[in-house]
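Reader: I have a model open in my viewer and would like to talk it through with you. Could we begin with the overall picture and then go to single residues?

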Amino acid sequence: MAHSTYNKLWAEAQNELSCLLTEELPDQPLKPEKDRVVFFQRVATMYVRYVQIFRQLEVAYDQIVHPQKMRAIRGILDGVMGRVLELKNEMVEKEFSEYHYMDDVIQDLKLTPADIEIPIPRYFANERGNILSERNMAIYSAIGKVERNKAPGPQALKLEEAIKIIQVSERARQGRLRARFMREIQRDEERQQKAKDSELGPAAFDQAAVCIQKVWKGFVQRKKTKWEREEEMIFLGMAMGPRHFQPCATVAAADAIEQRRRQKQREHEDDYQKATVSVTGLLRESEGPDMKETLKDQIRQWFFECRDATGSFPEYPEEEDGGSAIIFAEKTPQQLMDELAAKEEEDASKAPKGKEERMDKGKKDKGKGEEEEEEPGLKMLPSAFLKDLEAAHKSYAETWENRNEDGNFSQRHDMELIKEEKRKELETEIRKQVDELMRQELAHWRLAVDKDKGGKAKGSPKKKKGTKSGKKKKKEKDLTSFRTVESLYQELVKEGLLKKAEDIKLQDYLGDYSYLGTTLRQNDIEPMPSLSDVRQLITLYAIVPLGSQAVHENAPLVKAILLVGPAGVGKKMLVHAICRETGANLFNLSPLNLVGKYPGRNGLQMMVHMVFKVAKIMQPSVVWIGDAEKMFYKKVPKEEKELDPKRLKKDLPKAMKAIKPGDRVLVIGTTREPFHADLKSICKVFSKIVLIPRPDYASRFVMWRELIVRNGGEMSSALDISSLAKISDGYTQGQMVEVVRGLLTERRLQQLQRRPLTAAEFVSPLAKMDPVFQAEEEALKDWYAKTPMGRKRVKAASGKEGEDEPPVKAGKDGKKKGKK
């Protein structure tokens, strides 16, 4: 597509964003909404509209080659992503559920379920390509060092291994001998057959030829009839042709064009960086001296005006307050002096007050709150992104909306915009230098004036020490301050705690939209989420915050996610997909992976410190805990006591407390038996719990078709995917993958032309596996209903969400009862 296409896409996204900002930032604040359903509809509509803007901006940012436009889009894109996360959090808080069904909103906006799929910005991985390649090289080199350090030389075989080698050799010898005997027997049979054929006459040969012709003509006619029937079905639109399952030449050409545009992006970015350096140097040489002298003259003029108006020289603003920049804010000297005096009084008033004073103030505030009660109803939570979005949209309207670029065919950088931007940076840089000089000059003038008056010279005013706002936080001790990050990285690889993530994309996690979710909820039935819903949640809670620093700093913070589901539903696959899409490091702190590593209390502290230190320095990072329920066992089984699975139970929460907004570190736990864990402890660590069910009919239909095609199979009318999806109810994604790979062997693929696949072939391998029974799924649903979010959802469904929790009984001394 042409440059104008993506510019138009950007403009459409900006127009829609302008409408949304007008609704979200009205002149008069909106009244609280009393109807929860109406409020949720409003939030859901905004969410869907922001997702549409997100999708448009992501495509525009990926394909626009103008470097300055890319910077403008990037700021807006980060803001929109953050706002999407805020609205998702708003819906979770108001509906008490991680999953939402918005069929009516989609229908009103004339959209399809695919239109509200959260995209993964491609710049997450593209911009970290060099870093990822260096990291993979570091992992390979660390693994190579470990292998080289292993003791060389032959190793003694175990008795079982030696017996197995002898058995294999003996069976191979017997097989060769048996094959030789079979070849001799076959040759004897061929000789006997030739002798019989030589005795037949011409009539026998004619009869044989007619028989062969019959068989061949019947085969050709049946094949032709079958081909005509398939063509008719494709013509009527009742079947899909082979072009739907083969890579289209047009699609391949479009992908190649996109790759060329990305290459052009990098070239234009390099030119922009070089132009920025040259323009900065040129401005510093040509305009720097004049700018410096002009600032000095303006500040001296301010000195004289203040002296004439107040009778004394003013106090020079500190650098923390803005320095000389606040002097030229279109205010009179007297106004400026009053503002500085008022600021000093405000700082003094922030000093810590006595206990009685604080108690009085608390009582007053409490009384005030009782007098002015807020109007009941539901309100939107305050946003950390709306102001930035409004400023970015205003900048777009001033700079890009009506800009004429008829002459910029190649979409290269604009020199005038670079000069404007660098001129402001240069002015800020020179202003700081001028402030230091003018502070000294002001001190000399004061000294001279005081001498003329015969008074004592006043020294330069001392800077006020900042008031202490509470107790000092104890600084965390660095146990590895004497070691480099590279050495820590290599040690973690050597110990198997840091691993290379598999190359799995999130789109490989197949699943369709839940088409019955809204209907079930309208009938007071809580539906199980679909695999598409799970994929959306992983994108919002894990991939988007880990991929963008700006989003992680301001969006609702999610430190830990627990993936719960039966074996084979793709929990581990999702962990690897998160690392692949964001370019994150993968640390494995699973209980079974820690057996025998870093023994003792000190060793455990050192291990946790090393993992989280490297994770923060080389962010984004994912800390994976497989079989997370073992860490929070109610009672450790006898066979696992020696493994000590609860080693991290106390140290992990302490390490997670140090994760702040901006530290792109995510802890992900996976479990298939969460009911063995202490519910309170596991919910305290994992703030988000994602329940992953077995696939429903729609997801199974999509998965069977995609898995068969990806493994070399072909779709035909003989393969009834609908029936196969129906009879495979209860089986997981992992079992379906195992069946397809086991059936589509190389030999079976060679037979596809003569013998197409049928649904019956998949039934026998499936019958040998145990499905996820209804009892297991119900046990997981019952466990989830006991989690904090599950309890809120149950109360909301029963209409008791406004009731408070039952109070905890207290003892005689007023303290809560409990075990000491």
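**Overview and details**

Author: The protein has 29 helices and six strands, where helices (H or I, at least four residues) and strands (E, at least two) are DSSP runs numbered from the N terminus. This is a predicted model, in which local features need pLDDT of at least 70, side-chain atom pairs count only at pLDDT 80 or more, and totals for chains, interfaces and linings use all residues. Residues are numbered from 1 along each chain as its sequence is written, and side-chain values use heavy atoms, with hydrogens and water left out.

Reader: What share of the residues in the protein is buried?

Author: Buried means under 20% relative accessible area, exposed over 50%, and partly exposed in between (1.4 Å probe, protein chains only). Among the 820 residues in the protein, the buried share is 37%.

Reader: Which residues touch the most other members of the largest nonpolar core?

Author: A nonpolar core is a set of buried Ala, Val, Leu, Ile, Met, Phe, Trp, Tyr and Cys residues joined through side-chain atoms within 4.5 Å. The largest one has 151 residues, and those touching the most other members are Tyr47, Tyr50, Trp704 and Phe762.

Reader: Which helix gives the largest share of this core?

Author: In soluble globular proteins, nonpolar side chains tend to be buried together. Here the largest share of the core is 14 residues, and they come from helix α2 (residues 36-63).

Reader: Is Ser728 buried or exposed?

Author: Ser728 sits in the loop between α24 (721-727) and α25 (733-743). Its side chain reaches the backbone oxygen of Leu724 at 2.8 Å, a polar contact (a pair of N or O atoms within 3.5 Å; within protein, one must be able to donate a hydrogen and the other to accept it, and residues adjacent in sequence count only if both atoms are side-chain atoms). Contact means heavy atoms within 4.5 Å, and, not counting residues up to four places away in sequence, Ser728 touches Arg700, Trp704 and Leu766. Because its relative accessibility is 0%, Ser728 counts as buried.
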